Amino acid sequence: LVTGPNTVVDAIAAGKKAAEVIDRYLRGEELAKPPEIKLPKVFVEPAVISDEEQEEAKRTEPAALPAKSRKKSFEEVELSLSAEQAHCEARRCLRCDLEFTQRKENEQTNCIAAQEKSA
């Protein structure tokens, strides 16, 4: 059962959560399960780029088929990236992931420190 307009996947996920809580209840365990923070196991060093390159690191737009060609064909509209564009896009995305990972690690460290203080 899912409330609101959701997908079958959301319904299955909700069912699994309900089953876990029912199982904990029947075993006499605490119903609320503390959230698990999953972090990457491997630290990836940030790509070394200049400030100028960082400012220019915008999302690469793939080439597209001209509108005239699209009218009478079933060809792919959005073409693939070149090797150079893909390389630039990968560097841009890894930097974003690294910032997110470091922020999550700091939040987790702060959470553990707060728990130790209250204990």
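How many salt bridges does a search of the whole structure find? The search finds two, where a salt bridge is a side-chain nitrogen of Lys or Arg within 4 Å of a carboxyl oxygen of Asp or Glu. The model is predicted, so local features need pLDDT of at least 70 and side-chain atom pairs count only at pLDDT 80 or more, while totals for chains, interfaces and linings use all residues. Residues are numbered from 1 along each chain as its sequence is written, and side-chain values use heavy atoms, with hydrogens and water left out.

The chain has four helices and zero strands, and its elements run α-α-α-α from the N terminus on. Helices here are DSSP runs of H or I with at least four residues, strands are runs of E with at least two, and both are numbered from the N terminus. Of the 119 residues in the chain, 7% are buried. Buried means under 20% relative accessible area, exposed means over 50%, and partly exposed lies in between, with a 1.4 Å probe and protein chains only. The chain exposes about 10900 Å², and carbon and sulfur atoms supply 56% of this area. Accessible areas come from the Shrake-Rupley method with a 1.4 Å probe; for residues, only the protein chains shown count as cover.

Helix α1 covers 8–27. One of the salt bridges joins Arg27 and Asp23, with the closest N and O atoms 3.0 Å apart. Both residues lie in α1, four residues apart, which is about one turn of the helix. Arg27 is exposed, at a relative accessible area of 57%, whereas Asp23 is partly exposed at 34%. The other salt bridge links the side chains of Lys33 and Glu36, at 3.7 Å from N to O. Lys33 is partly exposed at 46% relative accessibility, and Glu36 is exposed at 57%. Side chains of opposite charge can pair when their charged atoms come close.

Two surface patches come next. Val21, Ile22, Tyr25, Leu26 and Leu31 make a nonpolar patch of about 520 Å². Leu31 is in the loop between α1 and α2 and counts as partly exposed because its relative accessibility is 39%. Glu61, Glu75, Glu76 and Glu78 form a negative patch. Glu76 belongs to the loop between α3 (67–71) and α4 (83–118), and is exposed, with a relative accessible area of 60%. Patches are made of residues with over 30% relative accessible area and no salt bridge; like charges are joined within 9 Å, and nonpolar side chains (Val, Leu, Ile, Met, Phe, Trp, Tyr) within 5 Å. Lys and Arg count as positive and Asp and Glu as negative, while His and the chain ends are not counted. The place of a charge is taken as NZ of Lys, CZ of Arg, CG of Asp or CD of Glu.

The loop between α2 (51–56) and α3 holds Thr60. Is Thr60 buried or exposed? Thr60 counts as buried because its relative accessibility is 17%. Leaving aside residues up to four places away in sequence, Thr60 touches Leu81, Gln85 and Glu89; contact means heavy atoms within 4.5 Å. Lys58 lies in the loop between α2 and α3, but is exposed, with a relative accessible area of 64%. The C-alpha atoms of Lys58 and Glu89 are separated by 8.3 Å, with the two residues 31 apart along the chain. Among contacts in the chain between residues at least 6 apart in sequence, 50% join residues at least 24 apart.
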